[in-house]
Amino acid sequence: MPYPPHDLALVAAIMTFGSLLQGALGFASGLLGVPLLVLSGFSLLEATVINFISTAIQNVAGAVQLAEHLEWRDLAWPVVLRAVGLPFGIWALAASGHLDQGLVKQIIGGVLLGSVLLLVALRVTPRERAPWPWTLGAFLSSGFLMGFGAIGGAPMVMYVNSLTWSAAKSRGFLFFCSAALVPFMGAILFWRFHADAARPAVAALLVMPPVLAALVAGLRLGRRLDKARFRRITYGLLAAISLFAILSPLFT
């Protein structure tokens with residue numbers, strides 16, 4: 001066993017709940033899972049690998065299910081820009097291994113809180129096409145955050161919320177952009193951290209059955225629930241987690 005049973009149970013609980021949110025909204029598994037895993041005592045690298053394995057399967061499944069809503073002209077530049085930002089995030093992840101874990105928790109909490117506040121506060125009149133600078137900034141930062149902690153969903157969510165896309169197209173876009181980087185992210189993680197990444201990768205595979213079951217349930221919820229209300233509840237929970245991450249060193 002890669003971890004003691006109680007640690008595996010914790011990973012299963014966190015990633016299963018994250019998978020439910022991911023299926024319903026097209027994002028949020030990383031924003032929720034990585035901070036909670038770090039707060040639970042896993043290193044940032046372990047949390048990143050666990051979340052990457054889990055969300056890779058979720059995103060591919062979601063992209064396939066919602067493929068009919070996607071247009072290739074909307075996908076090309078976002079995928080390329082995320083791929084450009086990804087190696088810089090991986091470099092930052094490697095550099096963070098020498099930092100105090102309390103500081104790492106605060107960094108994750110700060111990134112998460114900033115993302116949530118922007119998602120809630122940024123009110124842009126939806127338009128058919130996003131300005132090029134907005135596209136550039138959103139997807140470079142998304143790629144960086146994907147590499148740093150597998151938490152690249154927030155900039156993409158802000159991007160789709162600025163457009164006049166349907167909920168189904170927005171969710172499909174989020175799934176596809178995340179799924180497209182799976183081979184690239186996997187290759188970099190293996191090359192840079194192959195020995196250290198093996199144990200969390202095995203743990204992620206062991207807890208996959210409940211994670212996949214939650215994904216199926218989440219995909220159904222995404223079609224049937226009031227998304228605005230569901231997002232408000234999700235953002236409130238994520239804000240609470242981020243504040244706890246920022247303040248956690250005060251209680252240790």
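**Around helix α8**

Guide: Leaving aside residues up to four places away in sequence, S170 touches V160 and W165, where contact means heavy atoms within 4.5 Å. Before we go further, please keep in mind that this is a predicted model, in which local features need pLDDT of at least 70 and side-chain atom pairs count only at pLDDT 80 or more, while totals for chains, interfaces and linings use all residues. Residues are numbered from 1 along each chain as its sequence is written, and side-chain values use heavy atoms, with hydrogens and water left out.

S170 sits in helix α8; helices (H or I, at least four residues) and strands (E, at least two) are DSSP runs, numbered from the N terminus. With a relative accessibility of 8%, S170 counts as buried, a word that here means under 20% relative accessible area, with exposed over 50% and partly exposed in between (1.4 Å probe, protein chains only).

Now to the helix on the other side of that contact. Two packed helices are described by the angle between their axes and the distance between the axes. The axes are lines fitted to C-alpha atoms, for helices over the stretch in contact, and the angles run from 0 to 180 degrees between N-to-C directions. For α7 and helix α8 (residues 167-180), the angle is about 145° and the axes are 10 Å apart. Their crossing is right-handed: a crossing is right-handed if the near helix is turned clockwise from the far one by less than a right angle, and left-handed if anticlockwise. On the α7 side the contact is made by M156, V157, Y159 and V160, which meet S170, F173, L174, C177 and S178 in α8. By residue type, that contact has 7 nonpolar residues, 2 polar ones and no charged ones; Ala, Val, Leu, Ile, Met, Phe, Trp, Tyr, Cys and Pro count as nonpolar, Asp, Glu, Lys and Arg as charged, and the others, Gly among them, as polar.

Helix α6 (residues 132-149) and helix α7 (residues 153-161) have axes that come within 7 Å and cross at roughly 155°. The two are therefore roughly antiparallel to each other, since angles over 145 degrees count as roughly antiparallel, those under 35 as roughly parallel, those from 65 to 115 as roughly perpendicular and the rest as oblique. The crossing of α6 and α7 is left-handed. Here W134, T135, A138, F139, S141, S142 and L145 of α6 meet P155, M156, M158 and Y159 of α7. That set divides into 8 nonpolar and 3 polar residues, with no charged ones.

D74 itself belongs to the loop between α3 (44-65) and α4, and its relative accessible area of 7% makes it buried.

Helix α4 (residues 76-96) packs on helix α9 (residues 182-206) at an angle of about 30°, with their axes 11 Å apart. The pair is therefore roughly parallel. The crossing of α4 past α9 is right-handed. A83, L86, P87, I90, L93 and A94 of α4 meet F184, M185, I188, L189, R192 and F193 of α9. This contact counts 11 nonpolar residues, no polar ones and 1 charged.

Q22 lies in helix α1 (residues 5-25) and is buried at a relative accessible area of 5%. A polar atom of the side chain of Q22 lies 2.9 Å from the backbone nitrogen of S29.

Conventions: Polar contact = N/O pair within 3.5 Å; in protein donor to acceptor, adjacent residues only side chain to side chain.
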